Amino acid sequence: MAEDDTALRSVIERGLRESGYVVDAVADGEAALGYLRIYDYEIAILDWRMPGQSGLDVLRDLRRRGSPLPILMLTAKDGASDRVTGLDEGADDYLVKPFDFGELLARLRALQRRSPALHGPRLAIGSLEFDPASREVRIGSARPRLTGTELSILEILMRRSPAVVPRQSIALHVSAAEADALGSNTIDVHMARLRAKLALAPVRVETVRGIGYRLVPA
């Protein structure tokens, strides 16, 4: 997610994480392009006007490189010509500021449903399944209730399994204040609760001392 308004970026980032999403949030187009060239994402949320590279510039760069990544534009531009420009350049959807956060979530879910071919409809390790669109976890016929933070941690562990996920990466998705999460037992508490809720799953969360955690088949 790229948004140069510090307060709005913080609100969106916190809301998405509380809703169980894994989020990387940056303040400008250059940083957004840097992340997009390194990591795979389900959706990009781009502010139209940002210093340096605008959201429209980032959009054009992605489409020029043939990226099919679903893109939601945030814009204060509510004229029809502006909306047409964004859609013609390759945006999949847009929201005009100010907007309701519930509508943002609904539009993200709709974009996730439209693009099952990009990341696959579900993440699965044996009978453990996670649906990124519905944020639903299943272990066979069971549906354990995970908090937003636990869903976020499970998603990043499943996406990178069986690789080790650094503690710092997990901290970014546990707390907006990374240092607070790293300097306390917050991560350990979340991991202990996640392990308990996955007790019936054919997986185990392993601690790799001094590095982080990984999710592997049991």
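**Close-up views of a predicted model**

**Figure 1. The whole chain.** The protein chain holds ten helices and nine strands. Both are DSSP runs, numbered from the N terminus: helices are H or I with at least four residues, strands are E with at least two. This is a predicted model, where local features need pLDDT of at least 70, side-chain atom pairs count only at pLDDT 80 or more, and totals for chains, interfaces and linings use all residues. Residues are numbered from 1 along each chain as its sequence is written, and side-chain values use heavy atoms, leaving out hydrogens and water. Of the 218 residues in the protein chain, 44% are buried. Buried means under 20% relative accessible area, exposed over 50%, and partly exposed in between (1.4 Å probe, protein chains only).

**Figure 2. Helix H1, from end to end.** Helix H1 covers residues 6-18. Its 13 residues, at 1.5 Å a residue, should span 18 Å. The expected span is 1.5 Å times one less than the number of residues. The end C-alpha atoms are 18 Å apart, which agrees. Arg 9, Ile 12, Glu 13, Gly 15, Leu 16 and Arg 17 are the buried residues of H1.

**Figure 3. The two ends of H1.** At the start of H1, a side-chain oxygen of Asp 5 comes within 3.1 Å of the backbone nitrogen of Ala 7. Just after H1, Gly 20 has a positive phi of about 95°.

**Figure 4. Ile 38 in helix H2.** Helix H2 spans residues 29-38 and includes Ile 38. Is Ile 38 buried or exposed? Ile 38 is exposed, because its relative accessible area is 63%.

Conventions:
Polar contact = N/O pair within 3.5 Å; in protein donor to acceptor, adjacent residues only side chain to side chain.
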